[in-house]
Amino acid sequence: MTDEPRRERFVARYLDPASRLGEVLFGLIMVLGVTLTAGLSVAEGSAGVRQLLQAALGCNIAWGIIDGIMYVMNCMTARAEKARLIEAIQRAPDTGTALDIVRDEIEPRFETLTGAQDREALCRSILAYLAQGEAPRTAVTKDDLYGAVACFWLVFVSCLPVALPFLIFAEPSRALRISNALLIGMLFITGQKWAQYAHTNRLIAGLVMVALGLALVGVAILLGG
């Protein structure tokens with residue numbers, strides 16, 4: 001079994017499809033914005049290309065670390081919310097009050113998926129379970145850290161294809177243009193992938209992502225790039 005399927009399963013275990021595509025999109029947008037900004041003032045020749053490469057890799061390393069930390073914080077927040085729900089149910093003065101707490105938490109999430117009777121049965125079942133449950137600890141877990149690694153991996157890897165021109169070409173402006181072209185193509189592919197999960201038109205979704213990238217390029221040109 002190859003390493004690539006293992007990495008895919010590792011990422012999929014901790015990040016849902018929307019989160020995975022979001023991480024890739026953020027990585028692409030970050031490297032586009034940073035390299036365009038850096039391209040306004042880099043030196044000529046190979047020194048300038050190295051500066052662009054360092055900017056591309058550096059920004060996504062930094063953003064990957066930030067995103068990983070945010071993932072851990074979100075996981076801790078989710079557990080804290082569950083702990084507060086369990087504590088509120090167990091402190092409720094009577095069953096009716098506890099059931100109202102569950103309804104307020106559950107019904108908005110399932111209103112479009114279930115009927116009133118089914119929701120009521122579900123709320124009572126959840127109440128019976130949580131009333132005897134133990135509030136989860138909010139401390140950082142091993143899975144939190146693995147999820148953070150998955151976030152970092154996606155953000156960092158997303159910038160590698162668009163960084164390749166900075167390893168091949170010696171002229172900064174040419175390398176930057178080719179990098180931008182690759183990035184626009186990757187934005188289109190990301191938009192199409194997103195459309196599969198959003199059940200929307202793939203072509204339109206891809207073009208929307210491309211429009212976002214082109215808008216950033218246009219801003220850079222207006223600023224003198």
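The paragraphs below walk through the aromatic pairs and the cysteines of this structure. The model is predicted, so that local features need pLDDT of at least 70 and side-chain atom pairs count only at pLDDT 80 or more, while totals for chains, interfaces and linings use all residues. Residues are numbered from 1 along each chain as its sequence is written, and side-chain values use heavy atoms, with hydrogens and water left out.

Rings of Phe, Tyr and Trp (its six-membered ring) are paired if their centres lie within 6.5 Å, and planes under 30 degrees apart count as stacked, over 60 as edge-to-face and the rest as tilted; the structure holds 2 aromatic pairs. Tyr-14 and Tyr-146 form a tilted pair, because their ring centres are 6.0 Å apart and their planes stand at 55°. This pair links distant parts of the chain, 132 residues apart, with Tyr-14 in helix α1 (residues 3-14) and Tyr-146 in helix α6 (residues 142-163); helices are DSSP runs of H or I with at least four residues, numbered from the N terminus. With buried meaning under 20% relative accessible area, exposed over 50% and partly exposed in between (1.4 Å probe, protein chains only), Tyr-14 is buried at 12%, whereas Tyr-146 is partly exposed at 35%.

The rings of Phe-152 and Phe-156 have centres 6.0 Å apart and planes at 5°, so this pair is stacked. These two residues are about one helical turn apart, because 4 residues separate them in helix α6. Phe-152 is partly exposed at 28%, and Phe-156 is partly exposed at 22%.

Turning to the cysteines, a disulfide is a pair of cysteine sulfur atoms within 2.5 Å, and the count by this rule is 0. Cys-59 is in no disulfide, its nearest cysteine sulfur being that of Cys-159 at 6.6 Å. Cys-59 is buried at 11% relative accessible area, and Cys-123 is buried at 0%.
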